[in-house]
Amino acid sequence: MPTSSSDENLFILLNNISNEINRYFSIFIFLFGVIGNILNIFVLSQRKLRSNPCAWLFLTSSIANLFAILSAITTRMLAGWTIDPTDTIGWLCKLRGFIIYSSRTAAYWLIVLAVIDRWLLSSTSVRHRQRATLKNAQRGAIIILIISSLLYAEIFYCYEANLINTPLPCYTKNTLCRYIIDISIFVMGILLPVLLMIKFGLMTISNINHSRRRVHALAMFFVGKSTIEPSISLIGQQQNQQKAKQEKKIDRNLLKMLLIQVILLTLFILPLVLEKIYSMLIRPNKFPLEAAIDSLVYNIALLLCYLTNGIPFYIYTLFGRSVFRNVLLDLFRKIAQKLLTMEVQK
């Protein structure tokens with residue numbers, strides 16, 4: 001009897017903790033993510049950045065992140081204070097699940113495209129560098145959006161509201177649907193994009209190191225040659241180097257922003273990856289206490305995953321150096337000037 005009473009008390013405690021996390025952490029992620037992504041959209045849509053393929057992919061990824069946060073976190077905040085309408089309304093449950101997973105998957109795959117773009121641009125092969133164009137980035141983004149939408153079309157059949165003994169009341173209605181959705185999310189929405197980000201990120205770093213060694217060897221060659229042929233002056237070489245530095249400044253900063261984003265994204269997604277593996281291996285029918293523990297772990301892992309949809313702006317601001325921060329400050333100055341002009345006209 002005491003064991004049953006202690007289990008019941010622990011069950012209530014875990015549910016209360018889960019509700020409190022949903023209530024307060026969801027508000028933080030919502031404000032953190034919505035403000036960050038809106039600022040990202042404004043900054044990256046400025047003329048100085050939007051013509052760059054990598055920056056354009058950052059822009060479209062920010063739009064997808066904003067959709068993911070608005071569709072996911074809004075209802076979770078409501079669940080913390082009142083009743084989540086997606087828990088009881090079937091069509092809203094289905095639509096919310098579709099928007100969340102398709103937009104979040106698209107956001108991750110757009111970052112994969114950005115990593116591939118940096119890999120192509122850092123390649124020593126002229127043919128590879130010529131493929132790193134805005135047009136190819138836009139084509140890739142359209143393909144990703146279409147595939148991400150088709151990938152989760154089964155949600156309209158599989159998801160139901162008012163379910164019990166599941167991590168959330170709005171969840172898959174049977175075991176087969178659960179495995180199909182979970183495998184799709186795990187493989188296409190989490191594991192594969194993360195692995196590709198890591199792979200092409202490492203290949204990009206390798207390309208950069210190779211290019212540096214090559215540039216150093218060429219510099220030594222021309223310095224040695226200039227001692228024999230003074231007509232080939234170091235002034236022209238310095239001018240070319242200065243021009244190359246200016247052209248590559250944005251690319252270097254974008255690469256740094258991208259690699260840091262990949263690292264943080266991998267760390268924050270890892271708990272959900274482990275939870276998905278665990279949920280696919282355990283039995284579907286669980287005791288209430290086990291369900292409460294699983295629900296708490298799932299909620300924490302899921303909120304950490306949603307955090308990745310809100311952090312890009314802060315990564316770009318902290319590590320984008322002058323490229324991103326200057327555009328952001330210019331945007332703020334333009335807004336301040338417009339507000340001042342409007343105030344003067346009044």
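Keep in mind throughout that the model is predicted.

Begin by selecting the stretches that the unreviewed UniProt entry lists under "transmembrane region", which are residues 24-44, 56-78, 98-120, 141-159, 179-202, 254-274 and 296-319. Among them, residues 56-78 are 100% helix and 0% strand, with the end C-alpha atoms 33 Å apart. If you then move to residues 179-202, you will find a span that is 100% helix and 0% strand, whose end C-alpha atoms lie 32 Å apart.

Next, select helix H4 (residues 90-122) together with helix H6 (residues 134-151), whose axes come within 9 Å and cross at roughly 150°. Because angles over 145 degrees count as roughly antiparallel, H4 is roughly antiparallel to H6, and the crossing is right-handed. To see where the two helices touch, show the side chains of Phe98, Ser102, Thr105, Ala106, Trp109, Leu110 and Leu113 on H4, and of Ala137, Gly140, Ala141, Ile144, Leu145, Ser148 and Ser149 on H6. Of the residues in this contact, nine are nonpolar, five are polar and none is charged.

Finally, stay with H4 and select cysteine 93, which lies in that helix, along with cysteine 170, which sits in the loop between strand E1 (159-160) and strand E2 (171-172).

Terms used: Residues numbered from 1 in each chain as written. Predicted model: local features only at pLDDT ≥ 70, side-chain atom pairs only at ≥ 80, totals over all residues. Heavy atoms only, no water. Axes fitted to C-alpha atoms, helices over the stretch in contact; angles between N-to-C directions. Helix = DSSP H or I, 4+ residues; strand = E, 2+ residues; numbered from the N terminus. Parallel < 35°, antiparallel > 145°, perpendicular 65-115°, else oblique. Left-handed = near helix turned anticlockwise from the far one by under 90°. Contact = heavy atoms within 4.5 Å. Nonpolar A, V, L, I, M, F, W, Y, C, P; charged D, E, K, R; others polar. UniProt positions renumbered as here; feature names shortened; annotations may be inferred.
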